[in-house]
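Colleague: I would like to learn how to read the features of a model like this one, so please take me through a few of them with care.

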Amino acid sequence: MNRETLRPAPRGRPREFDVDAAVERAMQVFWSRGYHGTSLPDLLEATHLSRGSLYAAFGDKHGLFLRTLDRYIDDALARLNTELDPHKPALDGVRACLAGYVDRTSGVAGKRGCLVVATAMELAAHDAEVKKRIGRFFTALETQLAAALARAQAAGELAAGVEPAAAARLLLCVLEGMRVVGKTGPEPAVSHAAVQSLIDRLVR
């Protein structure tokens, strides 16, 4: 990954800093505390930036938050592209995707939750930029699931009557619902059983 650096122009000697690292640190804070629960001093402490450097690089708190949300979504989509690689068996990819969600919604990771889901509940209803990004992620997830299920259907692997687009929407709702339920710390075995029950109804 190429590292982006910015050279702000405060008084005195310009200072370089690693923008990638600053975005990553800020993301961890927003993820743990939420947008409204994160203060500017929290971000300055986490990123090791001065107020002037943060504003020069990101505009303001909201601009930095959008960068962190983009980072989180891009990472999630890269993982999804690997799991649902069209060059791999379609159902294997769907199973890998669902298993990954089970892992991320169990134990400590599950209790921490998902930045996308948390942001959707906190901001999407009244923040157009956030809504656009959340919509992009959900659309990409649903589209890739539908494509994988269509490949499985073409291979004769889906149960009779299963329509790929409708099944993909169902999986989207189940997967993101698992993110919410995961905050209560369900046992992984319970989640795996629920996912397996769903897959059993989709395949021959």
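Colleague: Is Asp74 buried, partly exposed or exposed?

Modeller: Asp74 is partly exposed, with a relative accessible area of 41%, where buried means under 20% relative accessible area, exposed over 50%, and partly exposed in between, computed with a 1.4 Å probe on protein chains only. Before going on, note that this is a predicted model in which local features need pLDDT of at least 70 and side-chain atom pairs count only at pLDDT 80 or more, while totals for chains, interfaces and linings use all residues. Residues are numbered from 1 along each chain as its sequence is written, and side-chain values use heavy atoms, with hydrogens and water left out.

Colleague: With which residue does the side chain of Asp74 meet in a salt bridge?

Modeller: In general, side chains of opposite charge can pair when their charged atoms come close. The criterion here is a side-chain nitrogen of Lys or Arg within 4 Å of a carboxyl oxygen of Asp or Glu, and by this rule the count comes to 9 salt bridges. Asp74 pairs with Arg136 at 3.4 Å, N to O. Because Asp74 lies in helix α4 and Arg136 in helix α8 (residues 128-154), the pair ties together parts that are 62 residues apart in sequence; helices are DSSP runs of H or I with at least four residues, strands are runs of E with at least two, and both are numbered from the N terminus. Another pair is Glu142 with Arg169, whose closest N and O atoms are 2.9 Å apart. Glu142 lies in helix α8 and Arg169 in helix α9, so this pair ties together parts 27 residues apart in sequence.

Colleague: What is the nearest side chain of opposite charge to Glu83, and how far away is that side chain?

Modeller: Arg104 is that side chain, at 4.2 Å, and Glu83 is buried yet has no salt bridge; for charge, Lys and Arg count as positive and Asp and Glu as negative, whereas His and the chain ends are not counted. Glu83 belongs to helix α4 (residues 61-83). Not counting residues up to four places away in sequence, Glu83 touches Gly93, Ala96, Cys97 and Arg104, a contact being heavy atoms within 4.5 Å.

Colleague: At what angle do the axes of helix α1 and α4 cross?

Modeller: Two packed helices are described by the angle between their axes and the distance between the axes. Here the axes of α1 (residues 19-33) and α4 come within 9 Å and cross at roughly 95°, with axes being lines fitted to C-alpha atoms, for helices over the stretch in contact, and angles running from 0 to 180 degrees between N-to-C directions. The two helices are therefore roughly perpendicular to each other, since angles of 65 to 115 degrees count as roughly perpendicular, under 35 as roughly parallel, over 145 as roughly antiparallel and the rest as oblique. Thr68 in helix α4 counts as buried at 0% relative accessibility, and its contacts beyond four places in sequence include Val23, Ala26, Met27 and Phe30.
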